[in-house]
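Try each one before you read its solution.

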Amino acid sequence: METVSLGGSALNCSRLAYGCWRIVGSAESCEVTPEREAHGRKAITTAYESGYTLFDLADIYSGGESERIFGQALKSVSGMRERVLISSKCGIRKAGDPDPHSPYRYDFSAGHIIWSCEQSLKRLGIETIDLYQLHRPDYLSDPEEVAQAFSRLTQAGKVREFGVSNFHPAQLAALQKTCPTRLIVNQVEISLAKLDCFHDTTLDQCQSEKITPMAWSPLAGGRLGASDPIDLRDPGHARRLQLRETLDLIARAHESSRPAIALAWLLKHPSKIVPIVGSTDPQKISELTKAVDIELTRDEWYRLFEAALGHRLP
Ligand SMILES: NC(=O)c1ccc[n+]([C@@H]2O[C@H](COP(=O)([O-])OP(=O)(O)OC[C@H]3O[C@@H](n4cnc5c(N)ncnc54)[C@H](OP(=O)(O)O)[C@@H]3O)[C@@H](O)[C@H]2O)c1
């Protein structure tokens with residue numbers, strides 16, 4: 001697959017990343033059956049064999065089980081560790097962690113960042129995480145403390161590069177002002193069903209600061225590929241219908257599929273968005289790589305943008 005440098009760093013990865021949030025069968029639950037585990041390992045190895053070389057994880061995905069199963073898959077495939085980049089995240093703490101009465105919260109304290117990274121390394125069975133991201137902005141964050149944690153992890157050889165996730169441009173700029181370690185990615189929700197980053201300057205900041213935008217839920221959790229009937233009582237039904245018809249029209253012109261066109265639409269943006277594919281179905285994981293070879297025209301891109309907006313551009 002075609003590759004891209006993450007934020008101008010030495011980390012080069014495939015244009016599509018593979019996301020391990022759902023590999024255990026349920027994104028949040030920790031209940032792992034042998035069948036779910038085998039399904040997860042199959043999804044990972046299929047992604048690797050299909051050419052994905054960036055794998056996205058987080059400490060909280062299925063309570064750490066996604067990292068553990070990814071680590072197993074990594075060990076079972078000879079040479080895989082040398083050929084892929086591993087990305088994980090920290091900073092969200094679930095209710096009940098560590099005490100039964102602890103609330104759901106965010107935690108960018110140096111102690112938690114370092115501890116969480118070390119736990120992820122153990123579960124993954126590796127020495128170094130290639131890309132480590134802060135999952136969601138912590139309202140009580142002290143940027144100097146974050147900077148210290150990052151430099152300690154770098155010095156200890158535990159992390160190669162850092163990034164953030166779900167940060168607004170001003171939040172990213174404020175952290176970067178204090179933190180000498182360069183932030184090379186901002187992982188945010190971007191898709192034809194979620195256009196905020198086109199309006200709130202996230203993508204402009206990424207382009208001007210050479211930060212790679214990584215797009216989570218690039219198919220809106222599957223809604224952009226779905227063929228279920230659209231509920232006419234849904235207030236957004238006209239827009240959804242228009243978007244679906246436009247995707248189908250363009251998919252036919254490219255002899256492709258609706259989800260592949262939705263990914264190609266993200267790939268065309270000059271900020272070099274890296275969509276994170278989340279399907280766990282081996283056939284879809286492999287089929288979606290065709291998106292990288294689709295070159296949408298400017299007219300097609302704008303037709304889709306207008307359909308997604310649900311109104312004409314001014
Ligand atoms: N930073 C954050 O806050 C954050 C938040 C959410 C996600 N993420 C990252 O982003 C990754 C991707 O998110 P996502 O899973 O929501 O992505 P997605 O690719 O938008 O959605 C994947 C889901 O759509 C379903 N789907 C239904 N029809 C599909 C089709 N035709 N083609 C492909 N998928 C179809 C898949 O089911 P099947 O498995 O049955 O194909 C799967 O459940 C995650 O794994 C995680 O790494 C990050």
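**Exercise 1.** Find the distance from an oxygen atom of the ligand to an N or O atom in the side chain of H135.

*Solution.* Start with the side chain of H135: one of its N or O atoms is 3.5 Å from a ligand oxygen, and a polar contact is a pair of N or O atoms within 3.5 Å. Next, turn to the backbone. A polar backbone atom of W21 lies 3.1 Å from an oxygen atom of the ligand, and for C20 a backbone N or O atom is 3.5 Å from a ligand oxygen. Finally, look at the cover: the ligand alone exposes 910 Å², of which the protein buries 85% (Shrake-Rupley areas, 1.4 Å probe).

The model is predicted, with local features needing pLDDT of at least 70 and side-chain atom pairs pLDDT 80 or more, while totals for chains, interfaces and linings use all residues. Residues are numbered from 1 along each chain as its sequence is written, and side-chain values use heavy atoms, without hydrogens and water.

**Exercise 2.** Describe the shell of residues around the ligand.

*Solution.* First, list the neighbours (a heavy atom within 4 Å): there are 27, and R22, D56, S217, S279 and T280 come nearest. Then sort them by type: ten are nonpolar, eleven polar and six charged.

Note on methods:
Polar contact = N/O pair within 3.5 Å; in protein donor to acceptor, adjacent residues only side chain to side chain. Nonpolar A, V, L, I, M, F, W, Y, C, P; charged D, E, K, R; others polar.
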